[in-house]
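My entries follow in the order in which I took them.

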Amino acid sequence: MIKWFMLPKLPATPLGGGGEVVVGVCVEGGVVVGVPDSVGGEVMKCKVAFDNEVLKKVGMQVHSLLNLNPIMQGHNLHDINELIDKTNRLKCSLEPLILESDPDIPDPIHNLILVGKIINDKPLNKAGVKKTILKAWNPSSGLKISEIEDRILFTFKTSQDVQRILDRRPWSIKGAHLALQSWPPDKTIHEVSLQYSPFWVRIYGLPPNKMTKKNAEIISSRIGNLLEIEEDSQGRIGGRGFMRLKVDVNIESNFPKGLALKREGDTESWVQFRYEKLHDFCFGCGFLGHIKKWCHRPKDPSASWEMAGEIRPYNPMIRASYEGI
Ligand SMILES: [Zn+2]
């Protein structure tokens, strides 16, 4: 519903004009108010103030329509009708549009764009971030980095570079986790889900007879979505003394730290999860993005539970060490 109405006088503007010339348009409950930006005779154009919801719906078209020298002084009926006519056309812009879909758009890898977000409670220096990424990724033939609100767009030139960067996730930039995904052709940039990031997780504390593919699936379901199980050249799982699983982890939640394993004789033992490339991580709440000193979340409630005979707060054991690997 769009209707036009006259608003009462506005207070005098700093420009010296009285509030005699005001245009108001009601767009689905939002109000658009034109304020003269030059006074003394005619109103040359209007500055437009409106609430954010209206702005989202009608965008710049309100600007363009109201920049048509609407002279409303004296409630001239002709002008009023003209404005009603013009603002009625706004209605069309509020109707959802159906647009064609490009059937030839490349798949997410071949569109050569990745969408990312740095998971950090404090903003990082942008120039430093760019420099670090270019150095770490070393793209074979160029990489453009741009920002759209809180998201970062990485535009590559080769699909090989895109695949390599995705395969080598997770990435951390100056200690902060970089959530990174390809851009599906039917999603907007802000619809690309960055909730899950792949991590290599080492599962310590299992006897050899428990290191099976089936158990890898069971254990990884406590962490996230299983992507890959590391096997050695003999097809063995756990030949290094632990299982190593690539798991899509929900980074918007606290990281699972381990589980209690039921053993023969009604006893339990602790199975520790250790995440590779885990940097800015809070031992207070178990989330990414800050360290315990700056924690603003409730403390991990499971820290006070007794599991496998011991109290298990988060501790540095949750990080996998790369030594000797
Ligand atoms: Zn915290």
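**Confidence.** pLDDT is the predictor's confidence in each residue, on a scale from 0 to 100. I looked up its mean for the protein chain and found 77, with 69% of the residues at 70 or more. This is a predicted model, and local features need pLDDT of at least 70, side-chain atom pairs count only at pLDDT 80 or more, and totals for chains, interfaces and linings use all residues. Residues are numbered from 1 along each chain as its sequence is written. Over residues 1-78 I found that pLDDT stays under 50. For contacts I used the rule that two residues touch if their C-beta atoms, placed from the backbone, lie within 7 Å. Residues 1-78 have 114 contacts beyond four places in sequence in the model.

**Overall counts.** I took helices (H or I, at least four residues) and strands (E, at least two) as DSSP runs, numbered from the N terminus. The protein chain has 7 helices and 16 strands. I call a residue buried if 20 or more other C-beta atoms lie within 10 Å of its own, exposed if 12 or fewer, and partly exposed in between, with C-beta atoms placed from the backbone. Of the 325 residues in the protein chain, 27% are buried. I also looked at contacts between residues at least 6 apart in sequence, and 59% of these join residues at least 24 apart.

**Strand 5.** I looked up burial in strand 5 (residues 113-119): 5 of its 7 residues are buried, so the strand is largely enclosed by the rest of the structure. I count two strands as paired if DSSP finds at least two bridges between them. Strand 5 runs antiparallel to strand 7, with 4 bridges between them. In that pairing, Leu114 stands opposite Phe154 of strand 7. With strand 9 (residues 176-182), strand 5 pairs over 6 bridges, also in the antiparallel sense. There Gly116 has Leu180 as its bridge partner.

Next I checked Asp121, which is in the loop between strand 5 and helix 5. Asp121 counts as partly exposed because it has 15 C-beta neighbours inside 10 Å. Beyond four places in sequence, Asp121 is in contact with Gly289, His290 and Trp294. Asp121 and Gly289 are 168 residues apart in sequence, yet their C-alpha atoms are 5.5 Å apart.

**Helix 5.** Just after helix 5, I noted a positive phi of about 45° at Asn138.

**Other backbone angles.** Glu149 is not a glycine but has a positive phi of about 55°. I placed Glu149 in the loop between strand 6 (143-148) and strand 7 (151-156). Glu149 counts as exposed because it has 8 C-beta neighbours inside 10 Å. The peptide bond from Arg169 to Pro170 is cis, with omega near 5°. Pro170 lies in the loop between helix 6 (159-167) and strand 8 (171-173).

**Helix 7.** I asked which residues of helix 7 (residues 213-220) are buried, and found Ala216, Ile219 and Ser220. They cover an arc of only 95° around the axis, which puts them on the same side of helix 7; the arc is that of the directions from the helix axis to the C-beta atoms. These buried residues pack against strand 10 (196-204), strand 11 (224-229) and strand 12 (243-250). The face turned away from the buried side carries the exposed residues Lys214 and Glu217.

An unreviewed UniProt entry lists residues 263-296 as "domain: Zinc knuckle CX2CX4HX4C". UniProt positions are in the numbering used here, feature names are shortened, and annotations may be inferred rather than shown by experiment. In the model, residues 263-296 are 0% helix and 29% strand, and the end C-alpha atoms lie 38 Å apart.

**Gly286.** I found Gly286 in the loop between strand 14 and strand 15 (306-307). Gly286 counts as buried because it has 21 C-beta neighbours inside 10 Å. Its contacts beyond four places in sequence are with Asn254, Phe255, Lys257, Asp300 and Tyr314. Gly286 and Phe255 are 31 residues apart in sequence and 5.5 Å apart in space, C-alpha to C-alpha.
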